[in-house]
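Have the viewer open while you read.

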Amino acid sequence: MTVVVVGAGIAGLACARELVGAGVPTRVLERANVVGGRLASERRGDRPVDVGAAYVTADDPSFQGRLQSWRIAGLAHPWTDTFRGQRGEAPMRWSAPGGLRSLAKDLADGLDVTLGAEVTELPEADAVVLAMPGPEALRIADLPEAREQSWSPVLTAVLTYPRRAWPDFHGAFVNDHPVLATVCDDGDRRGDLAPVLVAHSTPHYYREHPYGGEAALARAVGDLLGIADEPTAELFRWPYAQPRTGRDGYARHKNVYLCGDAFGRPRVQTAWLSGRAAARAVIEELSGRP
């Protein structure tokens, strides 16, 4: 095996696609039973709910082209450029009818991906790409760049109500709130107007509630939007949700590469660009030419 990519989030999948496109034999190992990482969508009944990343934005021409390809395929579409509480103008936010994980599944199509593969030491390969948050990479290899990364955690609550009983909105940044960071109308995001809201907590609230916490998130959302109905709530924990903005590109130590959304502004586009940049560096190293 020439290259092993550890992690099947968007960074790892973008890396693997670039390598395979250049004719480099590549295998992807993922400890979860699904691809996507924080492009996470869970099916509830007959519909998906995004429980990780809330949307995708693009200002890089190559990633804009990737989004347009997904749009043509019916996998993604423009959603909104307006959130309550946003400060200044914002780019168009894109959503996915089948959930954001469907974009990762599209990237994984045709790749050699092994799911349920827990990696605890560096695999034997000409190059290894660790496509994951630095704290998780440190379990596999002691990389200085991984130790430098700083991440914030988030609790995500999926709130399902008996009916839509709130004013129309797409999403909201809840500024200076002790519990809530953002709230998204998943029915609006999906386009089916299902009575489902997805709330993301502040890092401080996560740290104060190592177990549970969905009840307070539900109450905070009800107070924010004036909802009297009680929802059913399901909680998801993301210990490494939001990286502090870091240097662009990727990191390398000998034949080990580290990539992901910590290498630039923390967003989906950054992870995709970082994975591709790492792949191009691997190709250059293995081929001996740029």
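Start with Val129: beyond its neighbours within four places in sequence, Val129 is in contact with Val3, Val4, Val5, Val6, Cys15, Tyr257, Cys259, Ala278 and Val282. Bear in mind that this is a predicted model.

Which residues touch the most other members of the largest nonpolar core? They are Val5 and Val129, out of 41 residues in that core.

| Element | Residues |
|---|---|
| Strand S1 | 3-6 |
| Helix H1 | 10-21 |
| Helix H2 | 61-72 |
| Helix H3 | 101-108 |
| Strand S8 | 127-131 |
| Strand S15 | 256-259 |
| Helix H9 | 268-287 |

There's also a second, separate core, with 22 residues, including Trp166, Val179, Ala216 and Val221.

Now zoom out. The chain has nine helices and 15 strands, and 51% of its 290 residues are buried. Of the contacts between residues at least 6 apart in sequence, 67% join residues at least 24 apart.

As for overall size, the radius of gyration is 19 Å, which agrees with the value near 19 Å for a compact globule of 290 residues. Along the principal axes, the C-alpha atoms fill a box of roughly 65 × 40 × 35 Å.

Conventions
Residues are numbered from 1 along each chain as its sequence is written. This is a predicted model: local features need pLDDT of at least 70, side-chain atom pairs count only at pLDDT 80 or more; totals for chains, interfaces and linings use all residues. Side-chain values use heavy atoms; hydrogens and water are left out. Helices (H or I, at least four residues) and strands (E, at least two) are DSSP runs, numbered from the N terminus. The radius of gyration is taken over C-alpha atoms; the globule rule is 2.2 Å times the number of residues to the power 0.38. Buried means under 20% relative accessible area, exposed over 50%, partly exposed in between (1.4 Å probe, protein chains only). Contact means heavy atoms within 4.5 Å. A nonpolar core is a set of buried Ala, Val, Leu, Ile, Met, Phe, Trp, Tyr and Cys residues joined through side-chain atoms within 4.5 Å.
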